[in-house]
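Take a moment to look over the chain from end to end before reading on. Then let us walk through it together, from the whole fold down to single residues.

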Amino acid sequence: MEANPLEGCHIGLLRWFVAATQIIGLTAVIITGVWLGHYQGGFAWDGSLQQFNVHPLCMVLGMVFLYGDAILVFRTLRNESKTTAKILHACIQLLALVAIIVGTVAVFEFHTAQNIPQMYSLHSWCGLLTIILFCLQWVMGLTFFLLPALSYSLRAIYHPYHVYFGLGLFILAIGTCLTGITEKLLFSLRTTYSKYDPQGILANVLGLLLVSFGFVVCYILSRDEWKREASPEEEALSMHFKTLTEGGSPDAQRDQ
């Protein structure tokens, strides 16, 4: 079979878009660190405002950048086995979960130390919802796709829901970060925010970078020609797994 020249062109374009996500995402993480380190006094773990600064840094790193990279694994690892892609996807999400937990503990401890009420803002509600759903998504994905106990049909039924809620959570995470940035600026700058304070401009740029990161990731996922195609060996193993878990012969499964 002759190679399709358009396929090579599509893959080349995919690499450029993936590179764009890494540049935008890393820039967003760096700007978050600069904003909090330069304008907000840096980082600590002593119940002070510097402990609060751990929260937005961890959330941008874990909930947006690492989570987005985990989503892209199935577009970037095109020649590795599907099992390898699944394991890497789960490991990156686990790293994101660790960052999320550290950021969540930091903000709750800060509120407690400063006698600030917990969970009163829209940002905190959306944030807690995102964290709970993220944990459920990770556990469900691990159960359905990495553990061998469930049948092929159950995996096939759950798969579209996993994809849909994964992308929905990614969008919700970015939206929650935007509300958090705005809330932080309003508390920190108050009257100077409307006067184009440099800190406000930098944080606004951060928000635009997060939105751009989300747009590029979602665009990559929307392109059908960039979906990872299963190799003949993977298709054979998938058919064999389906036969073992549901009964019947491979030939009967193919005829369905």
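Let us begin with a term: a residue is called buried when its relative accessible area is under 20%, exposed when it is over 50%, and partly exposed in between, using a 1.4 Å probe and protein chains only. Keep in mind that this is a predicted model, where local features need pLDDT of at least 70, side-chain atom pairs count only at pLDDT 80 or more, and totals for chains, interfaces and linings use all residues. Residues are numbered from 1 along each chain as its sequence is written, and side-chain values use heavy atoms, with hydrogens and water left out.

| Residue | Relative accessibility | Class |
|---|---|---|
| Cys135 | 30% | partly exposed |
| Cys177 | 11% | buried |
| Gln40 | 8% | buried |

Now for the whole chain. Its secondary structure consists of nine helices and zero strands; helices (H or I, at least four residues) and strands (E, at least two) are DSSP runs, numbered from the N terminus. Of the 256 residues in the chain, 41% are buried. The chain exposes about 14,400 Å², and carbon and sulfur atoms supply 70% of that; accessible areas come from the Shrake-Rupley method with a 1.4 Å probe, and for residues only the protein chains shown count as cover.

What lies inside? A nonpolar core is a set of buried Ala, Val, Leu, Ile, Met, Phe, Trp, Tyr and Cys residues joined through side-chain atoms within 4.5 Å. The largest one here has 46 residues, and Trp35, Phe170 and Leu210 have the most contacts inside it. Helices α1 (5-39), α3 (54-76), α4 (82-113), α5 (122-146), α6 (152-189) and α7 (198-222) each supply at least two residues of this core. The largest share, eleven residues, comes from α3.

A contact means heavy atoms within 4.5 Å. Not counting residues up to four places away in sequence, Phe170 touches Val64, Tyr67, Gly68, Ile71, Phe213, Gly214 and Val217.

Finally, visit Gln40, which sits in the loop between α1 and α2 (49-52). Leaving aside neighbours within four places in sequence, Gln40 is in contact with residues including Trp35, Asn53 and Lys184. Gln40 and Asn53 are 13 residues apart along the chain, and their C-alpha atoms are separated by 7.5 Å.
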